[in-house]
Amino acid sequence: MILMDKKSLTEQGIRTNFITPAIKAAGWDLLRQVREEVTFTKGRVIVRGKLVSRGEPKRADYILYHKPNLPLAVVEAKDNHHSVGAGMQQALGYAELLDVPFAFSSNGDAFLFHDRSGTGGAVEQEIRLEDFPPPEELWRRYRAWKGLNGDEERIVTQEYHADAAGKEPRYYQRVAINRALEAVARGQDRVLLVMATGTGKTYTAFQIIWRLWKAGIKKRILFLADRNILIDQTKTNDFRPFGAAMTKITQRTIDKSYEIYLSLYQAVTGTEDAQNIYRQFSPDFFDLVVVDECHRGSAAEDSAWREILDYFTSATHLGLTATPKETREVSNIEYFRKPIYTYSLRQGIEDGFLAPYKVVRIDLDRDLAGWRPEQGQRDNYGEAIEDRIYNQRDFDRSLVLEQRTRLVARKLSEFLKATDRYAKTIVFCENIDHAERMRQALVNENPDLASENRKYVMRITGDDAEGKMELDNFILPESRYPVIATTSELMTTGVDAQTCKVIVLDQRIQSMTKFKQIIGRGTRIHEDYDKFYFTILDFKKATELFADSQFDGDPVVIYEPQGDDSPVPPDEEAPDEGAGGGGDLVGGEWPGEDEAPGGGRKRYVVGNVSVSVVAERVQYYGSDGRLITESLKDYTRKKVAEEYASLDEFLRSWTTAERKEAVIRELEERGVLLHALAEDVGREFDAFDLVCHVAFGQPPLTRKERAEQVRKRDYFARFGEEARAVLDALLDKYADEGVETLERMDVLRVQPFTELGTPTEIIRHFGGKQKYLAAVRELERHLYEPAA
């Protein structure tokens, strides 16, 4: 046996020569049961003005499986300069996310073994490399942890559906699927899964149904939803593998020869017993009833959903929702019991599976101060207007201010003209009448594009057949039109608008459930169409719900333009996070949505009342999802102090960092809003001076001042003429753009460097790539040296 100096090996060397052989020797199949370097998140989307990047994804060194999609353990490796247990905390974090009970850490000398299952002796113990537990041992402990007997084990180990295209469940979907099967295997008859909008609830439901169906445990399944589009999307996309075994109940007819049934609950219920065609099935016909978007009244004791669930009482009931509803009248948790798994909006954004967002708050004077008609004033149609003060609660419901509608349309159009006029946009209005007037106002604000294609702006509401026909085109990423959809309730839920980049709130929203569902229209990411984040334009203070304790996703930034300011947030706005939300639907639209309050009450229309934007301040939300009430500078001081206890500690980190960009990225990922801070303090300062000045009270120097200080020194003297010209150009680049540009090799491919030679020729002036990089590092050192 060849002896190796472990201290000379990298982490990869330790894995290859010590950890992998130990796992293999314990009986693990390296092809079927062991995966190395498993990346299981995407890395949070970080928004810097109009630029987007991703944070570091989570990557486990090893994940050990009983069989595919049934993970048992996480192993984290470190090089031999670390202790045996140096990777344990990281391994435990991954184990918790992946829902596995066993975590290991190793530096090549031994393993530190942590058993979260409580089925062994000590929770944590050090074991020799040759004592790594075999797969049978960990599976035995896993079964004991989950409380599985022989029959239950057969269900839990049923194979997943293997997608021909190689699609695999994301880690959180796998957890949800496995927990659901475990719950059903143990005989739990009501199961609730809470997963944020855009995280693939329907795909998750498909895998659950597929595995239970293939295991022969659930032979007839009913999948219920309350929108045709939800049923059709499900049948065409995720449920397609069921093929001929699946049917959609239509025209109130029943065929009992199928095994998988998809239905609108309205299609099988009615006010009369004869209309309740679900009663044509025997009460024990279905083994499993799956209720999609179950927050929308399904748990109310007098609802049609509940009526169906109570009829098929012997079946297992599985509820899916992004927003469980808890009121005195309706309780998902009371009916389905506590969720067996929750994947929140905040977690989805942190993992990089959901899009963060910016918020632009625009307050209008009449919304804040209200409006009272003059004595005897009549509206546009000659109706006498009731004498009282009208406020935001009334606007676009009992009172229409036409100039208000035009102003909202103008502000939205200004935003699109300054960003992307073809960005898919949903405008949520108070009712169908409001949606139609908003459509007209937007057409008038965009006459060029509206004449180019009449579908540039479309009203998509439940009463308009042509508009509803365009819903699929709005959703389809490949379809350019419609671009702007005005709606009231039809598009609040179940609309998989992957490329929606703008959400406009001109609707008074009181329900957190509905708010989350509306925000959820924009949370999907579509990288092929450059959709990484979205913007919310809020005209009715709906985003005040962000401060509610029930909201679990924080926005990138909240921007409140002043007066005639552009509605586009400045490029210096910085990163953070985003979100998902519903209401109670009956039929295809919410009841009475086009009525003014009071049913038959008149809706006054007034055209000669001026409306303007009121000046407001910029506000931000912190990484805890709460509104930052202190100043941006105070917030920055607090955030920097969490990372660096003193100025010396920050200077040490900055000075020793091989790339300053890594320090900047770390600060941004910790919630320091550097681009917003630059807007507040001065764009001429780079991240180093912003932090030193704001967090530690040091006098700042502009980038130009730092560049001039370097030129006054003798630093360039020892280089040849060509190399000096390159360094001088690098200083200019630093003064204009900052240190991050300085550190990138591709800077040599742009002006003025292209005039000095090709990248290869430029590097040759320094004697090779390593000497060029050393010169850049030395240049950086001089840039941040204290003034003499």
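Rings of Phe, Tyr and Trp (its six-membered ring) count as a pair if their centres lie within 6.5 Å. By this rule the predicted model holds 48 aromatic pairs. The largest nonpolar core has 88 residues, and a second, separate core has 42 residues.

**Aromatic pairs and a cluster**

- Tyr171 and Tyr172 form an edge-to-face pair, with 5.8 Å centre to centre and 90 degrees between the planes.
- Tyr171 is buried, with a relative accessible area of 3%, and Tyr172 is buried at 0%.
- The ring centres of Phe223 and Phe239 are 5.1 Å apart and their planes stand at 65 degrees; planes over 60 degrees apart count as edge-to-face, so this pair belongs to that class.
- Phe223 lies in strand S10 (residues 221-225), whereas Phe239 lies in the loop between helix H7 (228-236) and strand S11 (246-248). The pair therefore ties together parts that are 16 residues apart in sequence.
- Phe223 has a relative accessibility of 0% and counts as buried; Phe239 is also buried, with a relative accessible area of 0%.
- One aromatic cluster is formed by Tyr258, Tyr261, Tyr278, Phe281, Phe285, Phe286, Tyr311 and Phe312.

**Nonpolar cores**

- In the largest core, of 88 residues, those with the most contacts inside it are Ile23, Trp28, Val75, Phe104, Phe111, Phe132 and Phe242.
- Helix H5 (residues 171-185) gives the most to this core, contributing 10 residues.
- Leaving aside residues up to four places away in sequence, Val75 touches Ile19, Ile23, Asp61, Tyr62, Leu64, Phe104, Phe111 and Phe132.
- The second core, of 42 residues, is separate and includes Phe688, Phe716, Val739 and Leu783.
- In soluble globular proteins, nonpolar side chains tend to be buried together.

**Contact of helices H20 and H21**

- Two packed helices are described by the angle between their axes and the distance between the axes.
- The axes of helix H20 (residues 647-656) and helix H21 (residues 660-669) come within 7 Å and cross at roughly 135 degrees.
- That angle makes H20 oblique to H21, because angles count as roughly antiparallel over 145 degrees and as roughly perpendicular from 65 to 115.
- On the H20 side the contact involves Phe650, Ser653, Trp654 and Thr655, which meet Lys660, Val663, Ile664 and Leu667 in H21.
- By class, this contact of H20 with H21 has 5 nonpolar, 2 polar and 1 charged residues.

How values were computed:
Residues numbered from 1 in each chain as written. Predicted model: local features only at pLDDT ≥ 70, side-chain atom pairs only at ≥ 80, totals over all residues. Heavy atoms only, no water. Core = buried A, V, L, I, M, F, W, Y, C linked by side-chain atoms within 4.5 Å. Buried < 20%, exposed > 50% of the residue type's maximum accessible area, 1.4 Å probe, protein only. Helix = DSSP H or I, 4+ residues; strand = E, 2+ residues; numbered from the N terminus. Contact = heavy atoms within 4.5 Å. Axes fitted to C-alpha atoms, helices over the stretch in contact; angles between N-to-C directions. Parallel < 35°, antiparallel > 145°, perpendicular 65-115°, else oblique. Nonpolar A, V, L, I, M, F, W, Y, C, P; charged D, E, K, R; others polar. Phe/Tyr/Trp six-rings, centres within 6.5 Å; stacked < 30°, edge-to-face > 60°.
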